[in-house]
Amino acid sequence: MSRTDVFTFLSTFLISFAVYFSTTAPTIGLVDAGELTTAAYTLSIAHPTGYPLYTLLGHVWLMLGLFSPARGMVVFSVLMAALGVGVLSLLCARLLQSVDGLKDTLRHVFAILLTLGVALSPTVWTSVDFAEVYPLTWLLGALLLYLSYVSLISDDRRALHVPLLICYLWGLGFGNHLTILWFVPLVAFVVLRYVLASAKRVRAAIMCAAHYLLGTSINLYLPIRSARGPILDWSAPHTIPGLVRHLTGWQYRVWMFKGDWSVFFHKFFGYLAAVPGDIGWGIALLALIGLVMILLRKRWWLLSVFGVWLLGNLYNVNYDIPDISTYFLAFYAPLFIIAVSGFVDVVNALKSAFESPRTRIAIAGTLAASVPLISLAASGNSGIQSSNRFAVTLATEVLATLAPNALVFQGNWDIQSPYIYLHNVEHRRSDVVMLDLNLLQRPWYIRQEQRAHPDVFEGVQREIDAFCREVAPFESGKPFNGPRIESAYVGMINAIIGKQTDHRPVYVLDTYQTGHGGVAEKLKMIPGGYFMRITNVPLLEPVINADNIIAGNPDRSDTRVAYLLHLVAASASYQGDYSMRIGDTARVSKTLDICRKLGSDYPQVQDYIKAADTYLTNMRSQGANE
């Protein structure tokens, strides 16, 4: 590697790292960030597919003690993404060697500019806002692209180390996220080229397979760690069925391949239309030019690179979850390489249009410089989350509304995931036990929580066993009786509630939204600051602090954030209705203020605001008359 290569790598790495570091969130975010950070900190097992590579590397990173666990895992994402950018800049510089008459210094300057274009694009930039697994796959994908090109241009096609390293890294990637699977066209291209060039082809193929399996062996962490009963033990993968379910993402099948071909094509073409906005028009247009030229000239390595992008996105568009955008991150690396190829074709084409080398270089420089500027314009403020503490602030304020020693049943993962972090890492509100209604449908989760909170499940083993018997056929993929499972499930939850309400406060929420309306349906409740409290006594529950939630800097343009604010406002409206019934004017006024600050644009909350305004006006009139 030359000095200019080192300069190019360090320039793109340090610039992207500085941008990401200064704009990313100071703590955990919504969705999976709280759970993933907890898994890395406690060496536990996160949701499928477990992400053992991310967990182990993240744990080692946190052991350095440079940051708090919450900020540390965000910085880990920043580091992985910036390293990936640096690797892509090296590949970009090598590809630009195909530009006729381009001096070495300018080649590296152009490589820096083009690579910063992808680094500052919306999807790449926002992928590091919070702790997530995708930046690590981005890095692995960049390494696979770079090494495969090194193997392609190597003078010795029989050289062992690069193809075997590619196989190992590809296998290692299966220990982070399954999107690495769709790099198979690139890996196949390298492996076939290497095997066919070898004198002993069978031995070469076996060596490639062995290195791939060595990489995938990182997944042995799952059964080994699960056998020790970690804090988070998703799917209990120390058993063979549990391991298979975990590694295959069995539980996600309900969100995949829904709809007919018309639905698929609608999704795919909708994704294509979104690509320029996700990656920037500069890269998108260059990629289109590059793709046309690749197909016309049959550039086989670049065709395998295109195959990665195509297969990955054909698969991803069949996945119906709200946070799907980051799934596409790794596949923007091959799209960027196709764009660089398009840039080379455009610059070389200038030779026939302009005789002056200076003119051609000036146009090429302008084009290269425009790419990061276009990406910056596309990103806007979307990647700036440096003051976003919304997830922690919301969870903290929700927990603050609970009475001491509370037991909570709820089904909102954007509350549960931050709670997992706050409870297990920062040890806030250690007296509170919050159980996820969705996960309580899984026997492994029941066993996990029984280990952690045996007192909660005391005296209800018969109901637990009955539910586990009913759900066993479903877990094993056999015919099952849905109504019987639901009946046993509701019976189990209600049995736990019945045993606990005598000696601790019990709260519930989301029972109808999670499809379990029978939970606590015959019990009397009063609205709390966020949850409904099960009690026969007319208590006055604390009011949630809307000002603190707003101070967490919620992005109201984000549909997920807006929905959560609506839930808080709706809870305040329930509490306000209850306060009007018992004549608590002060509490009506407080809840009215919360609704106006957090969710006045929702019909349900608007109805309460009108009713509360009328109530307070009448109360003031009565006071004046008296």
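Start with glutamate 463 and arginine 462, whose side chains meet in a salt bridge at 3.1 Å, N to O. Arginine 462 is exposed, at 65% relative accessibility. Keep in mind that this is a predicted model.

Next comes glutamate 470. Its salt bridge partner is arginine 484, with the closest N and O atoms 2.8 Å apart. Glutamate 470 sits in helix α21 (residues 461-475) and arginine 484 in helix α22 (residues 482-500), so the pair ties together parts that are 14 residues apart in sequence. Arginine 484 is partly exposed, with a relative accessible area of 49%.

Aspartate 233 and arginine 451 also form a salt bridge, at 3.8 Å, N to O. The aspartate lies in the loop between α11 (221-226) and α12 (240-248), and the arginine in helix α20 (residues 443-452), so this pair ties together parts that are 218 residues apart in sequence. Aspartate 233 is buried, at 2% relative accessibility. Arginine 451 is partly exposed, at 44%.

A network of salt bridges links Arg245, Arg442 and Glu475. The count of salt bridges comes to 17.

Now the backbone. Most residues other than glycine have a negative phi, and most peptide bonds are trans. Lysine 298 has a positive phi, near 50 degrees. It lies in the loop between α14 (281-297) and α15 (300-316), and is exposed, at 54%. Alanine 520 has a positive phi too, near 60 degrees. Its place is the loop between β3 (506-508) and β4 (525-527). Alanine 520 is buried, at 2%.

Finally, a cis peptide bond joins proline 48 and threonine 49, with omega about 15 degrees. Threonine 49 is in the loop between α2 (33-42) and α3 (52-63).

Notes. Residues are numbered from 1 along each chain as its sequence is written. This is a predicted model: local features need pLDDT of at least 70, side-chain atom pairs count only at pLDDT 80 or more; totals for chains, interfaces and linings use all residues. Side-chain values use heavy atoms; hydrogens and water are left out. Helices (H or I, at least four residues) and strands (E, at least two) are DSSP runs, numbered from the N terminus. Buried means under 20% relative accessible area, exposed over 50%, partly exposed in between (1.4 Å probe, protein chains only). A salt bridge is a side-chain nitrogen of Lys or Arg within 4 Å of a carboxyl oxygen of Asp or Glu.
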